[in-house]
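Grab your viewer and work through the exercises below. Try each task before you read its solution.

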Amino acid sequence: MSGTFVGMPAFPEASSSAVSDAQLRHNLRKATHTIRAKRAAVVGEQPDWAALREAGAAVKDRTLRHLDVYLERLEAAVVAAGGQVHWAGDAEEANRIVVDLVKATGETEVVKVKSMATQEIDLNAALASAGIRAYETDLAELIVQLGDDWPSHILVPAIHRNRSEIREIFLKHMASWGRPAPADLKDDPRALAEAARLHLRERFLSARVGISGANFAVAETGTLVVLESEGNGRMCLTLPETLISVVGIEKLVPTWADLEVFMQLLPRSSTGERMNPYTSMWTGATEGQTFHLVLLDNGRTSVLSDEVGRQALRCIRCSACLNVCPVYERAGGHSYGSVYPGPIGAILTPQLRGLVGPLEESLPYASTLCGACYEVCPVAINIPEVLLDLRSKVVARGHRGERLAMGAARRVLDSPRWLSLAQRSAGRLRRWTPRRLPGPLSAWSDTRDVPVPPKQSFRDWWAER
Amino acid sequence: MSSRDQILARVRSALADVPRTEDPEDFPVPRDYERTRSGPDVVELLVDRLVDYKATVHEAPEVAAAVAEALVRHGARRIAAPSGIPAEWLGEAEAVRDDPPLRPAELDALDGVVTGCAVVIAETGTIVLDAGPDQGRRALTLVPDYHLCVVRRDQIVRTVPEALERLDPARPLTWISGPSATSDIELNRVEGVHGPRTLEVLITGEIASTG
Ligand code: SF4
């Protein structure tokens, strides 16, 4: 598990994977079940979990109901602490801001710590087209980047690679990216991690610009918080002279004391640890650094405007809802067609983008409404409630909406084999049209392979599985 | 209209349902969770958690001797020493001061770092550094491969809320819970990726000097 509390582009590995679909499925299942058990154990030992969860939800609701006040407070606090604050209405504007900031430093390379916000806006592609190379620094992301393929899972993005493949990738590709792997590299995990450590070390020590997201931003003090496991986050946040953090406007919490709730909820709920190995907290320009905060809307204010759907913005991206979801386990992360997979993706993506196409219309149906996600969510997002509300909106749109949507969800879940093919083509497509992010569901509608209208409801269908 | 003003305007219009008279603090936040708890002795609990994270931990009645001995055991000779760490603690090892600030490559060439800390959370086995004089800036405890951290008993609290009360958000904070780790290769846990691969903790009753 890479242990960052943020996701990855939900797109598939290239077709070259030597691991069979069955093996991959087995690995994914093993991963989600392992984390589930760990999580249950550390949540179980926290006697006041229910009270923390209630407080977490309420703190987030308070923030969202007065987001304008808190955004202005955050801005003032960051500026007072020597940071610069930028506002980005959409992905394009955010990318332009970051590209310009990097260009102003004169650098052509940046180190990045994995963040969902930067993946959502496809920042790496924007940097690349401006001639700036972005180095991802999570071990799993490194394996994926060197192997020139796609992450396959939110928790374990390189799960589709076994140790001997990773050894091959390191031996073959490290040299063209920096320090080569040792010629006598063994394939045990410790040796491989060490090779990665040495390879990235050089990069960290010379990096001039770091790019991150943040798990929390404290309005009262201007403090940003990043939780991680490997230490690559600390490297990216600490060593570069310039730090640029891209943060969604829903990441705010009102006060410093509010962190006492989330620093208990997030690690336990996410990787199933009492505490993650490293957390960095900094306020404004720190230890001589130049600090830029880019506040990102990109659809969040539309989510905010929906009184039922608004609760999706409480999400702290722990991924617990993915690990308990029977549909996610069957369909895999790729079928959700965005960087936000699983139950949270099913309610967030259609709201962020609007019900603009078959993918977005079908996502509210990618659920059995079993409620496991709601139960496990550390900020008590009632995902089934939002799903039902979204379904009613799909239905209200009339036309082919609901039938197509249900059919789409059904087809994907029905045929793992088809799914993996669709994933591959989506992966390839994405290379050519990085902005389009076609998920398998939309890939299908694009080919006008209109599914047979379901003879039974999705729920009935699911119940029979 | 600037993007800032546009976003704020969109936020306000999205919140049309929120009564204009409602102040943020009017919206209730129930805080029925525990600020502290009874349980085993915090030192015992901390030792248990640290061992669980594969950190090495000793209780050291005499801090200088224990630091010097640990450095010898690790064969660590050139040690980053923040200004608040007395050179006498390091025994035979050389105290390398961060003044003028050491470059990353220079830090990388050192054998380790010795620091104090700001607060320690027993329940989660978390050491919090706040860049105080006995800890130095953040890079000092990040780049060298061996981190020896001296914890005074009076710095140990039981819970996360107790720790936040003691911390100052204006300072850069690093929360450390065991050595860095990854499970990215076939789900095998490997300790020590980019941060120091070895974390050693000395728990002492003494008041560390803060120069
Ligand atoms: S919706 Fe809840 S459970 Fe799912 S990722 Fe967000 S916070 Fe975690």
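## Exercises on a predicted model

**Exercise 1. Find how many salt bridges cross the interface of chain B and chain A, and check one of them.**

Solution. Keep in mind that this is a predicted model.
- Step 1: running the rule across the interface of chain B and chain A gives 15 salt bridges.
- Step 2: take Glu22(B) and Arg65(A) as a test pair; their closest N and O atoms are 2.8 Å apart.
- Step 3: the cut-off is 4 Å between a side-chain nitrogen of Lys or Arg and a carboxyl oxygen of Asp or Glu, so the pair Glu22(B) and Arg65(A) counts as a salt bridge.

**Exercise 2. Work out which elements of chain B touch chain A, and which one gives the most residues.**

Solution. 
- Step 1: count polar contacts between chain B and chain A, with both residues at pLDDT 80 or more, and you get 39 residue pairs.
- Step 2: list the elements of chain B that put two or more residues on the side touching chain A. The helices are H1 (3-14), H2 (42-52), H4 (104-108) and H5 (160-166), and the strands are S9 (173-176), S10 (181-185) and S11 (188-191).
- Step 3: H1(B) comes out on top, with eight residues.
- Step 4: sort that side of chain B by class, and you have 37 nonpolar, 13 polar and 25 charged residues.

**Exercise 3. Size up the interface by contacts and by buried area.**

Solution. 
- Step 1: on contacts, 75 residues of chain B meet 92 residues of chain A.
- Step 2: on area, about 7,400 Å² is buried between the two chains, and carbon and sulfur atoms give 57% of that.
- Step 3: Arg138(B), Asp184(B) and His194(B) supply 11% of the area that chain B buries against chain A, more than any other three residues.

**Exercise 4. In which sense does strand S9 of chain A pair with S9(B)?**

Solution. 
- Step 1: take residues 278-283 of chain A, which make up its strand S9.
- Step 2: this strand runs antiparallel to S9(B), and the pairing covers four bridges.

**Exercise 5. Explain why the salt bridge of Glu329(A) and Arg36(A) links parts that are apart in sequence.**

Solution. 
- Step 1: the two side chains meet at 3.9 Å, N to O.
- Step 2: Glu329(A) sits in helix H14 (residues 326-331) of chain A and Arg36(A) in helix H1 (residues 21-44) of chain A, so the pair ties together parts 293 residues apart in sequence.

Terms used
Residues numbered from 1 in each chain as written. Chains lettered and ligands numbered in written order. Predicted model: local features only at pLDDT ≥ 70, side-chain atom pairs only at ≥ 80, totals over all residues. Heavy atoms only, no water. Contact = heavy atoms within 4.5 Å. Buried area = accessible area lost by both parts, 1.4 Å probe. Polar contact = N/O pair within 3.5 Å; in protein donor to acceptor, adjacent residues only side chain to side chain. Nonpolar A, V, L, I, M, F, W, Y, C, P; charged D, E, K, R; others polar. Pairing = 2+ DSSP bridges.
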